[in-house]
Amino acid sequence: MTAVIELKNVVKTFKNKKAVDGVSFTIEKGTITAMLGPNGAGKTTTLSMMLGLLQPSEGSVNLLGGSPEDRSIRDRIGVMLQEVAVMDGLKGRELIDLFRSYYSRPADREDLIRLSGLSPADLNRSGQKMSGGQRRSLGFALAMAGNPEVLFFDEPTVGLDTTARRRFWEEVRKLAKQGRTVLFSTHYLEEADSEADRILLFDQGKLVADGTPDEIKRTLVKRSVSFLPEATGTDWQKRTAGLLGMRMEAEVEVTESGGRIIVTAEDTDAVLRTLIESNLGIRDIRIDVGRLDTAFEQLTQGTHAQVDTQEAI
Amino acid sequence: MKSLWMQSRAEMLRILRNPYFVFWSLAMPILFYFIFTRILNGNMPDLKEWQAHYLMSMAAFSVMGTSVMTFGLRLVQERTQGWSTVLRTTPLPGAVYAASKMFAQLLLNLLCIIVIFTSGWLINGVHLSAAQWLMAGLWIVVASLPFLALGGLIGCMKKVDTANGISNVLYMGLAISGGLWMPFEIMPEAVQRVGKWLPSYNYGDGAWSIAAGGSPSALSVLLLLGYLVVFMVVSGYARKKQEAV
């Protein structure tokens, strides 16, 4: 596999505030990678540094074996930014031609028109008269104007309806099959989950997780064992924590909610075994698997509320 | 070369499709010219001379307006709407982009001058020698550089609304107090005293001198050069400050 993008310990500081804090990753050719995280997690700043729009305060960014500020590198990438600005006074068709003139190996005009999905009438309309969705479709075609090897999309589907969204991802998958590398940012978990081969999870300027959607889900989702004590009077929370702390190596978290004791741990099987073997006098034991979106929300909101949705026993 | 041409063509199309440009840079000056040389010209001592003089005023007014308003506002819009950022991710060199903007502006200024001069000839049969037409046109194009630089300075502003307001005030103020709208001589003395030092008066004065058979004064040339340098230095400083963040 060839590395297309390489970030090493990248830091970006704005007025003493670290927007991106020591991020490193490598993106390989032909993959679709999602940068997932809430607003302000540092996704757009990281993207801007990959595009050479911002300079990293520390660390290095390597794009296609060179600097993103290099013209010959820019000739090989395509970009769609969050705010899709369309130059006023120019028609869609004229913009496509203008962008094609910027690149040394432009894509075929008809291909771009097909890719935009815009009708001939829409293409004859000037940018500022288009709807938000149409502008985005045009932005997609403009990103493809140079027949790029690497594509960057910043929040590409915001404001798109379901059909347009599906169409967009279908095209993106085709592009990846052709060997192009796609990197997109999103704050929609489902989108990252269903469309990406790999998720880079950002939170507060840091890369907090990096893996396939399944791996990310496993680290994000909390499993827990909960039960009701038969006798009251003792501090069950403390007692359970003490017992499990003695018998188990991995870390567990014990909380109490409405008389129910909840043990959150990665290995719920071991917790269950310990609880039963200890013969504590407990009943109504349940195993809960948290939901991915809840976990994501918790992570990104920085709170650690209990996992309250039950999916399986 | 091809990208320079494509980009210049795009820039020209954009300006020509802008209704404000057509109104302020072509329709207004011609309308003013018609009104002040055909209808309200009662007590002009030498009508022929006035018709040539005011034709120069209107051509200067048109080109100055395009440079200050269209050029400056466009820069602010492109930045606030994120267009400049998009272009920075493409291989289009920044220098080609800037050059195409200037080139487009130059061609359109020429167009304005030709249209306005022609309308002067059609409306009043203004008669100048070929050398005078050529020199006057050349002066109005070349001496508009300080106004382009002023447009560039306005282009550093953060908000479109602020830039719009300020450029409007500057444009009107410069046009009126520089004697481009009404004869400079009928202005109050205080305005004249200040006006003599404004770039707009010296810009117009050069063209008036050419139309009257003379040539621009050295003082006008020096003052305009001075303004050009000041505007460029200030906008260069403002740009650097913005980029530092």
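Predicted model: local features only at pLDDT ≥ 70, side-chain atom pairs only at ≥ 80, totals over all residues.
I started with secondary structure: chain A has 12 helices and 13 strands (DSSP runs numbered from the N terminus, helices being H or I with at least four residues, strands E with at least two). Residues are numbered from 1 along each chain as its sequence is written, and chains are lettered from A and ligands numbered from 1 in the order written.

Next, overall shape. I got a radius of gyration of 25 Å for chain A, well over the 20 Å from the globule rule for 313 residues, so chain A is more spread out than a compact globule. That radius is over C-alpha atoms, and the rule is 2.2 Å times the number of residues to the power 0.38. The C-alpha trace spans about 80 × 40 × 40 Å along its principal axes.

Then I looked up domains, with bounds from an automatic or database assignment. Chain A splits into domain 1 (3-218) and domain 2 (221-301), and their C-alpha centres are 42 Å apart.

Last, the partner chain. I found 18 residues of chain A in contact with 19 of chain B (C-beta atoms, placed from the backbone, within 7 Å). On the chain A side, helix H2 (71-74) and helix H3 (92-100) are the elements giving two or more residues. I sorted that side into 10 nonpolar, 2 polar and 6 charged residues (nonpolar: Ala, Val, Leu, Ile, Met, Phe, Trp, Tyr, Cys, Pro; charged: Asp, Glu, Lys, Arg; polar: the others, Gly among them).

Definitions and conventions
Contact = placed C-beta atoms within 7 Å.
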